[in-house]
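This briefing covers a structure with its chains, helices and selected residues. The entries are grouped by topic.

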Amino acid sequence: MNDDLELIVQRCREGDELAWEALVRRFQGRVFGLALHYLRSREEARDAAQEVFIRVWRGLPTFQQDASFLPWLLRITRTTSIDHLRRRKARPPAQDLLVEDMHDLGDPAPRPDELFETQSRRSLVHRALQQIGDMHREILQLQEIQELPLNEVARILQIPEGTAKSRASRARAELARSVVRLQGQGEL
Amino acid sequence: MMDCTRMHELLDAYLGASLGASDQAAVQQHLGQCAECADVVTFMQSDIQSGQSWDAERDDQVVGPVLAATTGRSCSRVQEVLAGDPLADDSDLLRARAHLPGCAGCRQVSAVLDELPNLLPSFASVDPGPDFTADVLLATIERPSLWSVFTTRMRDHLSRWQRRPEFAQELSYAITLLLIVACTLPGSPLREVPRHALSLVHVSDAATVQENGGTVGTQLRQGLSARGVRVSDGMDRLGTHFMGAGRGLVDGDLRAMGENAGQFGCDLRRLWKGVQSPAVDPESVCG
């Protein structure tokens, strides 16, 4: 955990409201993004993300200071999202998210031509992501999108590291094939 | 020494003669020491020199039927290796790269795999909407009520006040002020107490003690009754025993004074119970 984040988390544990607001602002996009991945509904993802932060707030006093905050946060996000899915008592509806919904909060503004090219590639990759299996999409979400280290991904998914590594490689290959397939459909 | 992975990265540039001098020398040194890489380079150079490209058409015509009759096409395995299969070693990677020039599909997949690490992290963050932060803060940080803020602050002040050395003096002063106010307010049951108490201090005979003591008791009783406080008949006994104790004191009869003072204490307890809880029978308080 970097020093800045460590300090903010420590302040939050002491009940500092400003630090808590800073923490929420810093991670709300990632929590919402991961919840959206599982729930595929902005409304539900918003409720789930809010519930995540409530759980985090209550769990901060017992959070081990030497542990990594982001994996802990994303683990809570995954658990909460799965709870929501169970409550819904059905698999997520097979509807695509709009790529326009995706905003990288940290991106500097690119030039219009770059923006168009990047957006079209992102749109393609995003559509391809919706077409691969849930298991592969989940591991890509954690390892490639949220950029968690492999050992944390394995811990969250409760699988051995070797399994996580091979699953991630198969997921990358499936995604790449899906992108190529969509490219081919676009050229026809 | 250069490893096979690095060799594989420089392979295309080496075959295209576009390497810098130092990389060219490093590649040649590696080829001199690694038979597998040397085989791949020899194979690819011969292919280039023969003017044939390892394209999909040739692959289908020549290699395709052979693979179909034996192991099947290796594209799926190639793509897994390129995607980072943990079971693949450097030589697998090199062979997978060697597969690419002849397979358009795998080349496309390889290009996408190279692109993914830059694109995927941009999906990590999604804006949840303008009011999200405020909603979370409202749901997490509990706003204390005004009353709890007031009582907390008062407790803090009182605690700090008690620790001050002047606390006892200030408390005595405050109690004195309260007594003065209670004894001087119009209509107070204690209004006449100071005057009669002063008379008691200056008494010289039993008749004066009896007169003033009785007056104090009567006025106190009247004051309490006027406020709706239930006063039992024990009030008469209270006055009688108070005067008896005073008479004993003046006459020097300590036994009579002690008995009357004891009874006076009992009367006070009866009266107090009656005031605090009207349901309690004052007679049952003190046997």
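Asp85(B) lies in the loop that joins helix H5 (75–82) and helix H6 (90–99) of chain B. Helices here are DSSP runs of H or I of at least four residues, strands are E runs of at least two, and both are numbered from the N terminus. This is a predicted model, in which local features need pLDDT of at least 70, side-chain atom pairs count only at pLDDT 80 or more, and totals for chains, interfaces and linings use all residues. Residues are numbered from 1 along each chain as its sequence is written, chains are lettered from A and ligands numbered from 1 in the order in which they are written, and side-chain values use heavy atoms, with hydrogens and water left out.

**Asp85(B)**

- Asp85(B) has a relative accessible area of 11% and is therefore buried. Buried means under 20% relative accessible area, exposed means over 50%, and partly exposed is in between, with a 1.4 Å probe and protein chains only.
- Not counting residues up to four places away in sequence, Asp85(B) touches Ser169(A), Arg77(B) and Glu80(B). Contact means heavy atoms within 4.5 Å.

**Helices H5 and H6 of chain B**

- Two packed helices are described by the angle between their axes and the distance between the axes.
- The axes of H5(B) and H6(B) come within 9 Å and cross at roughly 125°. Axes are lines fitted to C-alpha atoms, for helices over the stretch in contact, and angles run from 0 to 180 degrees between N-to-C directions.
- H5(B) and H6(B) are therefore oblique to each other. Angles under 35 degrees count as roughly parallel, over 145 as roughly antiparallel, 65 to 115 as roughly perpendicular, and the rest as oblique.
- The crossing of H5(B) and H6(B) is left-handed. A crossing is left-handed if the near helix is turned anticlockwise from the far one by less than a right angle, and right-handed if clockwise.
- On the H5(B) side the contact is made by Cys75(B), Arg77(B), Val78(B), Val81(B) and Leu82(B), and on the H6(B) side by Asp92(B), Leu93(B), Ala96(B), Arg97(B) and His99(B).
- The residues of this contact between H5(B) and H6(B) divide into 6 nonpolar, 1 polar and 3 charged. Ala, Val, Leu, Ile, Met, Phe, Trp, Tyr, Cys and Pro count as nonpolar, Asp, Glu, Lys and Arg as charged, and the others, Gly among them, as polar.

**Helices H1 and H2 of chain B**

- Helix H1 (residues 4–15) of chain B and helix H2 (residues 21–33) of chain B have axes that come within 10 Å and cross at roughly 120°.
- H1(B) and H2(B) are therefore oblique to each other, and their crossing is left-handed.
- H1(B) contributes Cys4(B), Arg6(B), Met7(B), Leu10(B) and Tyr14(B) to the contact, and H2(B) contributes Asp23(B), Gln24(B), Val27(B), Gln28(B), His30(B) and Leu31(B).
- By class, the residues of the contact of H1(B) with H2(B) are 6 nonpolar, 3 polar and 2 charged.

**Loop residues with positive phi in chain A**

- Glu147(A) lies in the loop between helix H6 (134–145) and helix H7 (150–157) of chain A. Its phi is near 60°, a positive value in a residue other than glycine.
- Glu147(A) counts as exposed, at 52% relative accessibility.
- Gln158(A) lies in the loop between H7 and helix H8 (161–187) of chain A. Phi of Gln158(A) is near 55°, also a positive value in a residue other than glycine.
- Gln158(A) counts as exposed, at 70% relative accessibility.

**Gln131(A)**

- Gln131(A) lies in helix H5 (residues 112–131) of chain A and counts as partly exposed, at 45% relative accessibility.
- Gln131(A) touches Ser178(A) and Leu182(A), not counting residues up to four places away in sequence.
- Gln131(A) and Leu182(A) are 51 residues apart in sequence and 9.9 Å apart in space, C-alpha to C-alpha.

**Chain totals**

- Chain A has 8 helices and 0 strands, and chain B has 14 helices and 0 strands.
- Of the 188 residues in chain A, 51% are buried; of the 287 residues in chain B, 30% are buried.
- The accessible surface of chain A is about 9600 Å², with 49% supplied by carbon and sulfur atoms. Chain B has an accessible surface of about 17500 Å², of which 58% belongs to carbon and sulfur atoms. Accessible areas come from the Shrake-Rupley method with a 1.4 Å probe, and for residues only the protein chains shown count as cover.
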